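Please view the model alongside the text.

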Amino acid sequence: MEIRIHTCGGSVESFFQDNPALAARILKGIQSRSLFTGDIITIAGDYSLTTFVASRVNRVDLIAEALPLWKHPADILDVAELSEDEFRERSHVNDPARQQRRRSPKRTGEFAMVFVEVELTGGDRIFLAAKISVPLEAERLHRLRMLFSSPAVHFQLRLGGTAILNLKNLVRFTLYPGPDVTPIDAWPAHHLSRRQGSRRVANAMTGTTPNL
């Protein structure tokens, strides 16, 4: 088993355990949602002992066979990592004309894919695809928020294995498409692309009034 610890400062420390019984013991002791609730995470090798402050760890990767099948919150069926290119292609971020509008009607019980960009402390960005079973309309916003309001969330790595994110270090998450229910405290505004931003700067310099 390989263990990778990603810190807020951007460093990645890798550890391994080639004894199947010891690897199984490590995995048995890990609960994904409570991994970061303690003060420290300690890894003891034959020649060294390394301790991480849990609050300064963004993510832990586990690469092994027979990983535990931790459950996601209700109606979240699966969460998997994407590369940035895969994320942009499948969410149509670079082609707004093909993007699904947030208010598109969804029927309870249907399956849907939601693409998520996550930013953590230190600027680390992670791209995910979540498969969900559409809940009752009154619960849709709550269920999606619940996925990122717990202490941690786990997902499948692109090249195999499982990662656990420390959501205490969450800075931002963006959903494509967002839920069809709008939070009552949300600010009604759209993403500004780099091209649009450059055009508005040029308008400001020439005294042209942009559309509001």
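Rings of Phe, Tyr and Trp (its six-membered ring) count as a pair if their centres lie within 6.5 Å; planes under 30 degrees apart are called stacked, over 60 edge-to-face and the rest tilted. The model is predicted, so that local features need pLDDT of at least 70 and side-chain atom pairs count only at pLDDT 80 or more, while totals for chains, interfaces and linings use all residues. Residues are numbered from 1 along each chain as its sequence is written, and side-chain values use heavy atoms, with hydrogens and water left out.

**Overall composition**

The protein chain contains four helices and eleven strands; helices (H or I, at least four residues) and strands (E, at least two) are DSSP runs, numbered from the N terminus. Of its 212 residues, 39% are buried, where buried means under 20% relative accessible area, exposed over 50%, and partly exposed in between (1.4 Å probe, protein chains only). The chain exposes about 13,700 Å², of which carbon and sulfur atoms supply 52%; accessible areas come from the Shrake-Rupley method with a 1.4 Å probe, and for residues only the protein chains shown count as cover. Among contacts (heavy atoms within 4.5 Å) between residues at least 6 apart in sequence, 66% join residues at least 24 apart.

**Aromatic pairs**

The structure holds three aromatic pairs. One of them joins Phe 15 and Phe 52, whose ring centres are 6.1 Å apart with planes at 90°, so the pair is edge-to-face. Phe 15 belongs to strand 2 and Phe 52 to strand 4 (residues 49-53), so this pair ties together parts that are 37 residues apart in sequence. Both Phe 15 and Phe 52 are buried.

Phe 87 and Tyr 176 also form an edge-to-face pair, because their ring centres are 5.8 Å apart and their planes stand at 75°. Phe 87 lies in helix 2 (residues 84-91) and Tyr 176 in strand 11 (residues 170-176), so the pair ties together parts that are 89 residues apart in sequence. Phe 87 is buried at a relative accessible area of 1%, and Tyr 176 is buried at 15%. Ring pairs link Phe 87, Phe 127 and Tyr 176 into a cluster.

**Cavity and pocket**

On a 1 Å grid over the protein atoms alone, a cavity is a set of points where a 1.4 Å probe fits but cannot get out, and a pocket is an open set with protein on both sides within 12 Å along at least five of seven lines; lining residues have an atom within 4 Å of a point. Grid points are joined across faces, edges and corners, and a volume is the space filled by probe spheres set on the points. The structure holds one cavity of 30 Å³ or more. Its lining includes Ser 32, Arg 33, Lys 71 and His 154.

In the table, Ala, Val, Leu, Ile, Met, Phe, Trp, Tyr, Cys and Pro count as nonpolar, Asp, Glu, Lys and Arg as charged, and the others, Gly among them, as polar.

| Void | Volume | Lining by class |
|---|---|---|
| Largest cavity | about 50 Å³ | four nonpolar, four polar, two charged residues |

Strand 9 (residues 152-156) gives the largest share of the cavity lining, three residues. The second largest pocket is lined by 21 residues, of which Ile 3, Phe 15, Ile 26, Ile 43 and Ala 44 lie nearest its centre. Strand 3 supplies the largest share of this pocket's lining, four residues.
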